[in-house]
Amino acid sequence: MSEGLEIGDAVKITDGEDDGVAVKLRKPNGEDTGVTVRIVGTYAKQYRKALDVITRRNLNRRGALSPEQLHSNRNELVAASILGWDGFMDSGKPYPFSKDNALKLMGNAPWIRDQLEEAQQDHAR
């Protein structure tokens, strides 16, 4: 039998991304935040579906995307990939997970989006 990759194994690798991974957020200075976000990887069906929606919308536009629209697309893609979180607080109360809340967070704290994007693309985890 020759060396290689079984097709079934390749599919299992892709399907494994649907379960997501827990990401412990760190402040830009490296300090622990106490926040954990569960997010799917870029091979996950949920991610690919959100990417298709954004891509279709962009293809149907007239003219180039502005820098703000590009950032908004990135935020939307990451927000659509989050399965849940624990540890975000607002005025001492738990900040509930929702896509809208995720968009607000990333719009105001792009370092959160950057860490989540990095985790999504780390397929060796």
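**Close-up 1. Helices α3 and α5 cross at roughly 60 degrees in this predicted model.** Their axes come within 10 Å of each other. That angle makes α3 oblique to α5, and the crossing is left-handed. On the α3 side, the contact is built from H71, R74, N75, V78 and S81, while α5 brings in R113, D114, L116, E117 and Q120. Sorted by class, the contact of α3 with α5 comes out as two nonpolar, four polar and four charged residues.

**Close-up 2. Helix α2 (residues 45-59) meets α3, with axes that come within 8 Å.** Here the axes cross at roughly 155 degrees, so α2 is roughly antiparallel to α3. This crossing of α2 and α3 is right-handed. From α2, look for Q46, Y47, A50, L51, I54, R57 and N58; they meet N73, E76, L77, A80 and S81 in α3. The tally for the contact of α2 with α3 is six nonpolar, four polar and two charged residues.

**Close-up 3. Helix α4 (residues 99-108) has a buried side and a face turned away from it.** Which residues of α4 are buried? They are N101, A102, L105 and M106. Why do they sit on the same side of α4? Because they cover an arc of only 130 degrees around the axis.

**Close-up 4. Several elements cover the buried residues of α4.**

Technical notes:
Residues numbered from 1 in each chain as written. Predicted model: local features only at pLDDT ≥ 70, side-chain atom pairs only at ≥ 80, totals over all residues. Heavy atoms only, no water. Buried < 20%, exposed > 50% of the residue type's maximum accessible area, 1.4 Å probe, protein only. Helix = DSSP H or I, 4+ residues; strand = E, 2+ residues; numbered from the N terminus. Arc of directions from axis to C-beta. Contact = heavy atoms within 4.5 Å. Axes fitted to C-alpha atoms, helices over the stretch in contact; angles between N-to-C directions. Parallel < 35°, antiparallel > 145°, perpendicular 65-115°, else oblique. Left-handed = near helix turned anticlockwise from the far one by under 90°. Nonpolar A, V, L, I, M, F, W, Y, C, P; charged D, E, K, R; others polar.
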